[in-house]
Amino acid sequence: MSSSAFLLLDQEPINTIGINVLEPLLKTQGLDVTTGTNILDVPEGTRLLFIETSSQDAWGKLKEQLVNLRTKCDIVLFNLDENPELANRALLSGIRGVFYTTDNADVLMKGIRLLLEDQLWYRRDIMCNALNRMLQFNKDALHKLTEGDIEPIKLTKREKAIISLMSKGSKNKEIAEDLSISPHTVKTHLYSAFRKTKCRNRIELLSWAQQNIPDEIR
């Protein structure tokens, strides 16, 4: 079965990179490519969903779109302007990669190939920023440990199971299906784990788990 990609285009795109450049490059990699302007048009079995993210309220619009996404797929943003905060949010939210309006065909092709190998595609500064956040979190945690005895953090079995699946790259919908619970219940358990561990996002929570309960999330 061949892989497929869907290009979710902005109704008023700032350029034609989606149709004129991105679509032909995806086809050279053996992908069946379809396009549309409605998230509800994304078919089952789509492997890569490319979302054009060029509007002013890009993050708000993106969240509205993903709420209505009905199929499991890896999400990639394209046509971004130079907005590091949006790219950081995307990385911390599990989006697989980001392409910018300034990226040429060679950059797009390199990114597509890595995405098809199940790797991430982000600029070095974005990856470094995420890594620095993890390192700072570990530094803060180490400092707290040296301040004196601290009551150990106790996560429930369900919280640990969710973290374990999250460490394997599962998204909330996939975790919910694996554990036979609702996506809302998954979020509730995650918020509880965030509160107990004082983590601010998924990367910090995974880092905490790898440091404190590595055997329980394998």
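Helices (H or I, at least four residues) and strands (E, at least two) are DSSP runs numbered from the N terminus. Asp-10 lies in the loop that connects strand E1 (4-8) to helix H1 (17-28).

The model is predicted: local features need pLDDT of at least 70, side-chain atom pairs count only at pLDDT 80 or more, and totals for chains, interfaces and linings use all residues. Residues are numbered from 1 along each chain as its sequence is written, and side-chain values use heavy atoms, with hydrogens and water left out.

Residues are called buried under 20% relative accessible area, exposed over 50% and partly exposed in between (1.4 Å probe, protein chains only). The table sets out two residues on this scale.

| Residue | Relative accessibility | Class |
|---|---|---|
| Asp-10 | 11% | buried |
| Arg-123 | 31% | partly exposed |

The side chain of Asp-10 makes a polar contact of 3.3 Å with that of Lys-61. A polar contact is a pair of N or O atoms within 3.5 Å; within protein, one must be able to donate a hydrogen and the other to accept it, and residues adjacent in sequence count only if both atoms are side-chain atoms.

Arg-123 is found in the loop between helix H4 (105-116) and H5. Contact means heavy atoms within 4.5 Å. Apart from neighbours within four places in sequence, Arg-123 is in contact with Glu-82, Tyr-100, Thr-102 and Asp-103.

**Helix H3**

In helix H3 (residues 84-92), the buried residues are Leu-86, Ala-87, Asn-88, Ala-90, Leu-91 and Leu-92.

The chain is divided into domain 1 (4-137) and domain 2 (157-212), with bounds that come from an automatic or database domain assignment. Taken over C-alpha atoms, the domain centres are 24 Å apart. Contacts link 10 residues of domain 1 with 14 residues of domain 2.

The area buried between domain 1 and domain 2 is about 1,000 Å², and carbon and sulfur atoms give 61% of this area. Buried area is the accessible area (1.4 Å probe) that two parts lose on being put together, summed over both.

Two salt bridges are counted between the domains, a salt bridge being a side-chain nitrogen of Lys or Arg within 4 Å of a carboxyl oxygen of Asp or Glu. Lys-72 forms a salt bridge with Glu-177, and their closest N and O atoms are 2.3 Å apart. On the side of domain 1 that touches domain 2, helix H5 (residues 124-145) gives the most, with four residues.
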